[in-house]
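I opened this model to take notes on its chains and its helices. My entries follow in the order in which I looked things up.

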Amino acid sequence: MVNKDSIFDKLKKENPFRVTDQYFDSLPEKILESVYSADNQEPANKNKMLRLKHLLAYAASFLGLIFLSYLGIQYFRLKQGHNYISKNDAIEYVSFYTSDFDEATILENIPIGKNENISANDAESESIISYLVDEGIDELTLYSEL
Amino acid sequence: MTDYKDIEILKLFQTEGQKERAFLLLVEKYQKRLYWHVRKIVIIHEDADDVIQNVFIKVWKNLEGFKSNAQLYTWLYKIATNEALSLLKTKKKNSIVHYEEFLGNSLSGDEYFNGDEIEIRLQKAILSLPERQRLVFNMRYFEELKYEEIAEILDLSVGALKASYYHARKKIEEFFKDG
């Protein structure tokens, strides 16, 4: 249905926009320049991306190497049967669960090294000294008895 | 200047040493149509100038892969429409005022706008339309493209386009009645 009062009957169907007279004469050259400058910019951007990719690849390889080394070390330690509980952890555990262990088991499992021997000797010396002091035996009496 | 057919330009573009010549022929053939199409979307000459250069940069990069069974000018229109809408989106995002309103108000002081008061009002009415209706109205009313061509450019059905055009006209008439 045709609307006789339509605004479109009163409108000129012309393009109201304009450009300078020479605009379209110079546009092809201008476009060609833009095309070439875009072409020149692209390799630089591509190179940057390529360099970034290489750096990321190196970083990933390095991290991968570290991870593999860590896995290797863990594997060999497990294979050699190393105890992973630290001394402090062991003491804390035993202290907390003292009731679970009898004295004999604890003594059996205390590792005795050189230091422990020295400590035992020290304790023995200390008891001898305190016995001598308690009994009032002086150094001269001791030497005379020897 | 001889008006080369699209197929001839495409063949020339693929001929060694003729790429630049073919491209210039293509620019000369389509620059006006595409510029005015873009200008009606972005309104400001400087923006249309930027868009049209980007359009042809894309054409230069992708023309080799263009399938000759498709219509060259619908492909060009598609690129131009997308580029223009993309610029408009960026402008809207960065604008602190209602951008379409700003564009409408800028027309009266625009040295590249020849229209009288009623044409300024028509442009303001078009700018108030939803994006799709605006595109369809411009392409049908000013550029006089067939519905089938617009359908191919905008990837829409002819039925949807006819409805959009009808609603656009109605809204423009309302705009004039209200104003």
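**Entry 1: chain B as a whole.** I began with burial, and 52% of the 179 residues of chain B count as buried. I keep in mind that this is a predicted model. I listed the secondary structure of chain B next and found nine helices and zero strands. From the N terminus on, I wrote the elements down as α-α-α-α-α-α-α-α-α. For the contacts in chain B with a separation of 6 or more, I noted that 62% join residues 24 or more positions apart. Chain B exposes about 9200 Å², and carbon and sulfur atoms supply 47% of that area.

**Entry 2: chain A.** I then looked up the other entries for chain A. I found five helices and zero strands there, and along the sequence the pattern reads α-α-α-α-α. Chain A has 146 residues, of which 12% count as buried. Its accessible surface comes to about 12900 Å², with 59% belonging to carbon and sulfur atoms.

**Entry 3: H1 and H2 of chain B.** How do the axes of H1(B) and H2(B) cross? I found that helix H1 (residues 6–13) and helix H2 (residues 19–42) of chain B have axes that come within 7 Å and cross at roughly 150°. Angles over 145 degrees count as roughly antiparallel, so H1(B) is roughly antiparallel to H2(B). The crossing of H1(B) past H2(B) is left-handed. On the H1(B) side I listed B:Asp6, B:Ile9, B:Leu12 and B:Phe13 as making the contact. On the H2(B) side the residues include B:Phe23, B:Leu25, B:Leu26 and B:Tyr30. I sorted the residues of this contact into eight nonpolar, no polar and four charged.

**Entry 4: H4 and H8 of chain B.** I turned to helix H4 (residues 72–94) and helix H8 (residues 147–154) of chain B, which pack at an angle of about 55° with their axes 8 Å apart. H4(B) and H8(B) are therefore oblique to each other. Their crossing is right-handed. From H4(B), I noted B:Tyr73, B:Thr74, B:Tyr77, B:Lys78 and B:Thr81, which meet B:Glu149, B:Glu152, B:Ile153 and B:Leu154 in H8(B). The residues of this contact divide into four nonpolar, two polar and three charged.

**Entry 5: H6 of chain B.** Which residues of helix H6 (residues 117–127) of chain B are buried? I found B:Glu119, B:Ile120, B:Leu122, B:Gln123, B:Ala125, B:Ile126 and B:Leu127. I then checked what the buried residues of H6(B) pack against, and the answer was helix H5 (99–106), helix H7 (131–142) and helix H9 (158–178) of chain B.

**Entry 6: two single residues.** I picked B:Asp47, which is found in helix H3 (residues 45–62) of chain B. Is B:Asp47 buried or exposed? Buried means under 20% relative accessible area, so B:Asp47, at 6% relative accessibility, counts as buried. I left aside its neighbours within four places in sequence and found B:Asp47 in contact with B:Val42, B:Leu87, B:Lys91 and B:Tyr99.

My other pick was B:Lys162, in helix H9 of chain B. B:Lys162 counts as partly exposed because its relative accessibility is 44%. I also looked up B:Arg140, which is 22 residues from B:Lys162 in sequence and 9.7 Å from B:Lys162 in space, C-alpha to C-alpha.

Notes. Residues are numbered from 1 along each chain as its sequence is written. Chains are lettered from A and ligands numbered from 1 in the order in which they are written. This is a predicted model: local features need pLDDT of at least 70, side-chain atom pairs count only at pLDDT 80 or more; totals for chains, interfaces and linings use all residues. Side-chain values use heavy atoms; hydrogens and water are left out. Axes are lines fitted to C-alpha atoms, for helices over the stretch in contact, and angles run from 0 to 180 degrees between N-to-C directions. Helices (H or I, at least four residues) and strands (E, at least two) are DSSP runs, numbered from the N terminus. Angles under 35 degrees count as roughly parallel, over 145 as roughly antiparallel, 65 to 115 as roughly perpendicular and the rest as oblique. A crossing is left-handed if the near helix is turned anticlockwise from the far one by less than a right angle, and right-handed if clockwise. Contact means heavy atoms within 4.5 Å. Ala, Val, Leu, Ile, Met, Phe, Trp, Tyr, Cys and Pro count as nonpolar, Asp, Glu, Lys and Arg as charged, and the others, Gly among them, as polar. Buried means under 20% relative accessible area, exposed over 50%, partly exposed in between (1.4 Å probe, protein chains only). Accessible areas come from the Shrake-Rupley method with a 1.4 Å probe; for residues, only the protein chains shown count as cover.
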